[in-house]
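Hello,

Here is the structure I said I would pass on. The sequence and model come directly below, and my notes come after them.

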Amino acid sequence: MGSGWWPDEVAHAGVEHLDPEYAAAFDRKSPTDWSETVESLSRLGAGPTSTVVDIGAGTGAFALAVQPYVGRVIAVDPSPAMVALMRSRGIEAVEGGFLTFEHLDGKVDLVHSRHALHHLPDFWKAVALDRVARMLEPGGALILADIVYSFAPSEAATAIEQWLERAPTNPAQGWTAAELVEHVRHEQSTFSWLLEPILVRAGFDITDRRYSENQIFAAYTCRLR
Ligand SMILES: C[S@@+](CC[C@H](N)C(=O)[O-])C[C@H]1O[C@@H](n2cnc3c(N)ncnc32)[C@H](O)[C@@H]1O
């Protein structure tokens, strides 16, 4: 995409994600048991002949977890540091993002993305989800999880302050209150009631939706109509 108005995804990827040291320490900061996601993949029909794309793949933890169960996993991330780390782990990793990745070998069966779409403002989220829909086979699936606020705007202060109060103090063990403040002030997490119509508009039916108890995280399973 050569147009001067198209965003530079690397410039908005978060400076920390471009830092090889941050990338190397990321899995300890964000340890994840992917077993539930792996199970949902097979419920969605993904199997040994399926192609799965993970967008905003980070260190490739999801790619490593699902690789044994599907035909091909392509892990996409705009950060050269993350891509280098993934390649060192034997993952098929591509430098790109929601707005730049092009899958040239036909359509894919499933797209996964966790904690990455919030790097884009809502206008670009809509463009990104339209691009995801075009990548997928008809009936293909999207598993999307992110920081998405399900509280009402009038409840923002209470919800955000409770989230900050429960944050760890050691940055090696999770996101500290100072890091969460940065997220709330400068990143593009949106409300569930804004994101969900964008998913529907892109052509998806939301077949499963989960909000965390603190109303800060949302996870969606979607089918392309
Ligand atoms: C918080 S990390 C999440 C990594 C991984 N998905 C996980 O859940 O562990 C966010 C990732 O999104 C990537 N990212 C930033 N902007 C992006 C964009 N426009 N498109 C795709 N990924 C992006 C960052 O480089 C970073 O690796």
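This is a predicted model: local features need pLDDT of at least 70, side-chain atom pairs count only at pLDDT 80 or more; totals for chains, interfaces and linings use all residues.

Residues are numbered from 1 along each chain as its sequence is written, and side-chain values use heavy atoms, with hydrogens and water left out.

Aromatic contacts

Searching the whole structure gives 12 aromatic pairs. A pair here means rings of Phe, Tyr or Trp (for Trp, the six-membered ring) with centres within 6.5 Å; planes under 30 degrees apart are stacked, over 60 edge-to-face, and the rest tilted. One of the pairs is Phe-151 with Phe-191, which is edge-to-face at 5.8 Å centre to centre and 85° between the planes. Phe-151 sits in the loop between strand S5 (136–147) and helix H6 (156–165), and Phe-191 in the loop between helix H7 (177–186) and helix H8 (192–201), so this pair ties together parts 40 residues apart in sequence. Helices (H or I, at least four residues) and strands (E, at least two) are DSSP runs, numbered from the N terminus. Phe-151 is buried at 2% relative accessible area, and Phe-191 also counts as buried, at 18%. The cut-offs are under 20% relative accessible area for buried, over 50% for exposed, and partly exposed in between, using a 1.4 Å probe and protein chains only.

Trp-163 and Phe-217 also form an edge-to-face pair, because their ring centres are 6.2 Å apart and their planes are at 90°. Trp-163 belongs to helix H6 and Phe-217 to strand S7 (residues 217–224), so the pair ties together parts 54 residues apart in sequence. Trp-163 is buried, at 9% relative accessibility, whereas Phe-217 is partly exposed at 29%.

Trp-5, Trp-6, Phe-123 and Trp-124 make up one aromatic cluster.

Helix packing

Two packed helices are described by the angle between their axes and the distance between the axes. Axes are lines fitted to C-alpha atoms, for helices over the stretch in contact, and angles run from 0 to 180 degrees between N-to-C directions.

Helix H5 (residues 122–135) packs against H8 at an angle of about 30°, with the axes 9 Å apart. H5 and H8 are therefore roughly parallel to each other; the classes are under 35 degrees for roughly parallel, over 145 for roughly antiparallel, 65 to 115 for roughly perpendicular, and oblique for the rest. The contact (heavy atoms within 4.5 Å) involves Asp-122, Lys-125, Ala-126 and Leu-129 from H5, and Leu-194, Leu-195, Ile-198 and Leu-199 from H8.

Helix H1 (residues 20–29) and helix H4 (residues 80–88) have axes that come within 8 Å and cross at roughly 55°. H1 and H4 are therefore oblique to each other. On the H1 side, Pro-20, Ala-23, Ala-24 and Phe-26 meet Ala-81, Met-82 and Leu-85 of H4.

Single residues

Leu-110, in strand S4 (residues 108–114), is buried with a relative accessible area of 1%. Setting aside neighbours within four places in sequence, Leu-110 is in contact with Leu-41, Leu-44, Thr-51, Val-52, Val-53, Leu-136, Ala-141 and Ile-143. Leu-110 and Asn-170 are 60 residues apart in sequence and 35 Å apart in space, C-alpha to C-alpha.

Pro-171, in the loop between H6 and H7, is partly exposed at 43%. Not counting residues up to four places away in sequence, Pro-171 touches Lys-29, Thr-176 and Glu-179.

Backbone angles

Most residues other than glycine have a negative phi. His-115 has a positive phi, near 55°; His-115 lies in the loop between S4 and H5 and is partly exposed at 31%. Gln-215 has a positive phi of about 65°. Gln-215 is found in the loop between strand S6 (204–211) and S7, and is partly exposed at 30%.

Regards
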